[in-house]
Amino acid sequence: MATDTETDVFEAHRPVLLGVAYRMLGRVADAEDVVQEAWLRWSAADRSEVREPRAYLVRVTTRLAIDRLRQVKARGETYVGPWLPEPYVTDFGDTVPDTAEQAVLADSVSLAVLVVMESLSPLERAVFVLREAFGYPYADIAAMLDRAEPAVRQLAGRARRHVDERRPRYDVDPVRRRDLTERFLAAAGGGDLEALMALLAPDVRLVGDSGGKSKAPLRVLESADHVGRFIAGVAGKGLPDLTWRFLEINGGPAVLVLSGGKPDSVFQVDVLDGRIQSVYIIRNPDKLHALSAV
């Protein structure tokens, strides 16, 4: 049985462990399951053999996440329509005082990057997360994954190239993103298609994730005309007893839309050069449960 001190040690590292697991899996519930399993391993471990609790816990969590990711890929699960990660409420606050470090963490958990990371192998994803998001030295990652350091460096290089080649460019400034989001909402809510179109980049993309369980486009919409008319049409229909509020989701400002007080969708945009480049709408009810308590 774990003592209070051992419990305190684990709880002190829980945010990091959850951050690693979520970036690996893109699913909050799966990440929480992995962290709970890591707790069971920690509580049963001979801690006299553990010199660095944080390194030990990150290693256990990473390996469990790799196993979970391999199981998902082995099952070959099919998903109806475009897939987006489960929304993850982020608020680094005083825990990450360095602005540059906050920017790195926010970028590594962004919807755009996590979507690209879905196509990495489990090992590539683990190395990318540990190196790019948390800054672990190659030697430490090699020890965590029981791999030779040169092999880890190759995995890291391959993963970084893959992500850099496929990730869309966007402005990470939260003030600019919130401003564009507010103007976008005002134009859509007022039915002003002309104002809405003025905010969209010509090649804007809209990705809607419903999992086939609610209404959303079953393919990615492209071009300002298609995205603008879709948003205007949806806004015109409205929702019963609609309310909304801003949250920090996946490292950036987002809008949680509620209908009758219950989460209906999460809406977020990526911006560049003063225009909206991407629109993300998550409506799969299975991915919104955790937001009921927010």
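Author: Gladly. This is a predicted model, and the largest pocket in it holds about 780 Å³ of space.

Reader: Which residues lie closest to the centre of that largest pocket?

Author: The lining of the largest pocket is made of 23 residues. Those closest to its centre are Val234, Ala235, Leu239, Leu242 and Ser265.

Reader: Which element gives the most to the lining of the largest pocket?

Author: At least two lining residues come from each of α9 (174–189), α11 (224–237), β3 (242–249), β4 (252–259) and β5 (262–272). By class, the lining has 16 nonpolar, three polar and four charged residues. The element that gives the most, with five residues, is α11.

Reader: Which residues line the largest cavity?

Author: Searching the whole structure turns up one cavity of 30 Å³ or more, and the space in the largest cavity is about 30 Å³. Both α5 (111–117) and β5 supply at least two residues of its lining. The lining divides into two nonpolar, three polar and two charged residues. They are Ser110, Leu111, Ala112, Arg177, Asn250, Gln268 and Asp270.

Reader: On to the aromatic rings: how do Phe10 and Trp39 pair?

Author: The count of aromatic pairs comes to five. For Phe10 and Trp39, the ring centres are 5.3 Å apart and the planes stand at 65 degrees. Planes over 60 degrees apart fall in one class, so the pair of Phe10 and Trp39 is edge-to-face.

Reader: How many residues apart in sequence are the parts that Phe10 and Trp39 tie together?

Author: Phe10 and Trp39 are both buried. Phe10 belongs to helix α1 (residues 4–25) and Trp39 to helix α2 (residues 28–44), so the parts tied together are separated in sequence by 29 residues.

Reader: What kind of pair do Tyr22 and Tyr88 make?

Author: The pair links distant parts of the chain, with Tyr22 in helix α1 and Tyr88 in the loop between α3 (53–75) and α4 (99–108), 66 residues apart. Their ring centres are 4.2 Å apart and their planes are at 20 degrees. Planes under 30 degrees apart meet the rule, so the pair of Tyr22 and Tyr88 is stacked.

Reader: Is Tyr88 buried or exposed?

Author: Buried means a relative accessible area under 20%. Tyr22 has 0% and is buried. With a relative accessible area of 13%, Tyr88 also counts as buried.

Reader: Which ring does the charged end of Arg178 sit over?

Author: There are two arginines to look at here. Arg131 lies over the face of Tyr138, 4.1 Å from the ring centre. The charged end of Arg178 is 3.8 Å from the centre of its ring, and that ring belongs to Phe246.

Reader: What should helix α6 span at 1.5 Å a residue?

Author: Helix α6 (residues 122–133) has twelve residues.

Reader: How many of the residues of α6 are buried?

Author: The buried residues of α6 include Glu124, Arg125, Phe128 and Ala133. Just after α6, Gly135 takes a positive phi of about 70 degrees. The helix is mostly covered, and of its twelve residues the number buried is ten.

Reader: How far does α2 reach from its first C-alpha to its last?

Author: The buried residues of α2 include Trp39 and Trp42, along with Asp30 and Ser43. α2 has 17 residues, and 24 Å is expected at 1.5 Å a residue. Close to that, the reach of α2 is 25 Å.

Reader: Where is Ser223, the residue with phi near 95 degrees?

Author: Ser223 has a positive phi although it is a residue other than glycine. At 23% relative accessibility, Ser223 counts as partly exposed. Its place is in the loop between β2 (221–222) and α11.

Definitions and conventions: Residues numbered from 1 in each chain as written. Predicted model: local features only at pLDDT ≥ 70, side-chain atom pairs only at ≥ 80, totals over all residues. Heavy atoms only, no water. 1 Å grid on protein atoms, 1.4 Å probe; cavity = no way out; pocket = protein on both sides within 12 Å on 5 of 7 lines; lining within 4 Å. Points joined across faces, edges and corners; volume = space filled by probe spheres on them. Helix = DSSP H or I, 4+ residues; strand = E, 2+ residues; numbered from the N terminus. Nonpolar A, V, L, I, M, F, W, Y, C, P; charged D, E, K, R; others polar. Phe/Tyr/Trp six-rings, centres within 6.5 Å; stacked < 30°, edge-to-face > 60°. Buried < 20%, exposed > 50% of the residue type's maximum accessible area, 1.4 Å probe, protein only. Lys NZ or Arg CZ within 6 Å of the ring centre and 35° of its normal. Expected span 1.5 Å × (residues − 1).
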